[in-house]
Amino acid sequence: MSRIQANLILLLAAAIWGGGFVAQSSAMDMLGPNWFNGIRFGLAFLAVVPFAWREAKNAARPLAAGDIGAFVVIGAVLFGAQTLQQIGIKTTTVTNASFLTGLYVVLVPAIAVLILRRKPHWIIWPAAALTLVGILLLSGGSLSGLTDGDLLIMVCAVLFAVQITLTPIAVGRSGRPLALAALQFGVCALGGSLGGAILEPITVDAITGSLTEILYAGLLSSGLAFVLQIIGQRYTTAPQAAIFLSSEALFGALFGAILMGDSLPVIGYAGCAIMFAAMLMVELVPELTRRRVATA
């Protein structure tokens, strides 16, 4: 797969996640955050397991204990991020949640530099800054007074940055992207179900009343989009992946306007243009630089 194809796959994942903000917000009318995550990730686990099993049968070697341990850690980080996001979205808007989640766009290259000692292409930094400006403009140029939910989602952005950084490392070592997807979904399903059983009531009516949101979040936002993320990140860098995945804020604002009546301010369209320009910069500048060096 080429880097362009990988980045387009990540863009598709971001679009699916953008719609997921609406599903997550609507589901909170019926279900608690832990039960919602437990059920959605359980559904995602069941959807991915057959493909992971087929992958295992064709694998050159079985998974090592270190691979499984890394998958569990990534699953635990994802569980923490999704739990904080789901709790936080109860007390903030879809637009604020999508903007604050998008903070990982600057955290991923920072982790690459400070912890992994990897220097990303210089274009990542201005592109990351432009992306944050674009996401901010999507919310009208300023955020409303920060709520407890906003603060939780800011912490969730840190965890998403860690998950995005660790994913290509684990997949590169194991060569088993679907095994990672299945195991991280299993960890999230188990954690959410245990948290729900301890902290939240649940009824059959609550499940049936939010079934559409569960199916979207389970099969698309979780099952499909996270698999697309894992596969796409095999063929691009984590900082570039963060730029493309952060466009979920753009899609979240658009779906919020269409499905929930959230209004997209005029300044928001400028944000869309800036984010698109940032994605083009990330895609085109490294390619043009390589061609210039090759022909020199």
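Which residues does Ala 189 touch, not counting residues up to four places away in sequence? The answer is Gly 38, Phe 41 and Gly 42. Please keep in mind throughout that this is a predicted model. Ala 189 itself is found in helix α8, and helix α8 covers residues 177-199. There is also a C-alpha distance to report here: Ala 189 and Leu 43 are separated by 8.4 Å, although they are 146 residues apart along the chain. Ala 189 counts as buried, because its relative accessible area is 11% and the cut-off is under 20%.

A second residue can be treated the same way. Thr 83 lies in helix α3, which runs over residues 65-88. Leaving out residues up to four places away in sequence, Thr 83 touches Asn 34 and Asn 37. Thr 83 has a relative accessible area of 12%, so it is buried as well.

Next, the salt bridges. The count comes to two.

One of them is between Arg 176 and Glu 55, with the closest N and O atoms 3.5 Å apart. This pair links distant parts of the chain, the two residues being 121 residues apart. Arg 176 sits in the loop between α7 and α8, while Glu 55 is in helix α2, residues 33-58. Are these two partners buried or exposed? Both Arg 176 and Glu 55 are buried.

There is also a salt bridge between the side chains of Asp 67 and Arg 61, at 3.3 Å from N to O. Here the accessibility has to be given for each partner. Asp 67 has a relative accessibility of 9%, so it counts as buried.

The largest pocket holds about 250 Å³ of space. It is lined by 19 residues, and the closest to its centre are Ala 112, Arg 118, Thr 237, Ala 238 and Pro 239. Which helix gives the most to this lining? That is α11, with three residues. The elements that each supply at least two residues are α5 (104-114), α7 (148-174), α11 (238-245) and α13 (266-295). In terms of residue classes, the lining of the largest pocket has eleven nonpolar residues, six polar and two charged.

The largest cavity has a volume of about 160 Å³. Its lining consists of 16 residues, and those closest to the centre are Trp 17, Gln 82, Phe 160, Phe 226 and Glu 248. Two or more residues of this lining come from each of α1 (3-27), α3, α7 and α10 (211-232). The lining of the largest cavity divides into seven nonpolar, seven polar and two charged residues.

To go back over the helices named in both lists: α7 supplies at least two residues to the lining of the largest pocket, and α7 also gives two or more to the lining of the largest cavity. Helix α3, which holds Thr 83, is on the list for the largest cavity. That is the end of the tour, and I will take comments now.

Methods. Residues are numbered from 1 along each chain as its sequence is written. This is a predicted model: local features need pLDDT of at least 70, side-chain atom pairs count only at pLDDT 80 or more; totals for chains, interfaces and linings use all residues. Side-chain values use heavy atoms; hydrogens and water are left out. Helices (H or I, at least four residues) and strands (E, at least two) are DSSP runs, numbered from the N terminus. Buried means under 20% relative accessible area, exposed over 50%, partly exposed in between (1.4 Å probe, protein chains only). Contact means heavy atoms within 4.5 Å. On a 1 Å grid over the protein atoms alone, a cavity is a set of points where a 1.4 Å probe fits but cannot get out, and a pocket is an open set with protein on both sides within 12 Å along at least five of seven lines; lining residues have an atom within 4 Å of a point. Grid points are joined across faces, edges and corners, and a volume is the space filled by probe spheres set on the points. Ala, Val, Leu, Ile, Met, Phe, Trp, Tyr, Cys and Pro count as nonpolar, Asp, Glu, Lys and Arg as charged, and the others, Gly among them, as polar. A salt bridge is a side-chain nitrogen of Lys or Arg within 4 Å of a carboxyl oxygen of Asp or Glu.
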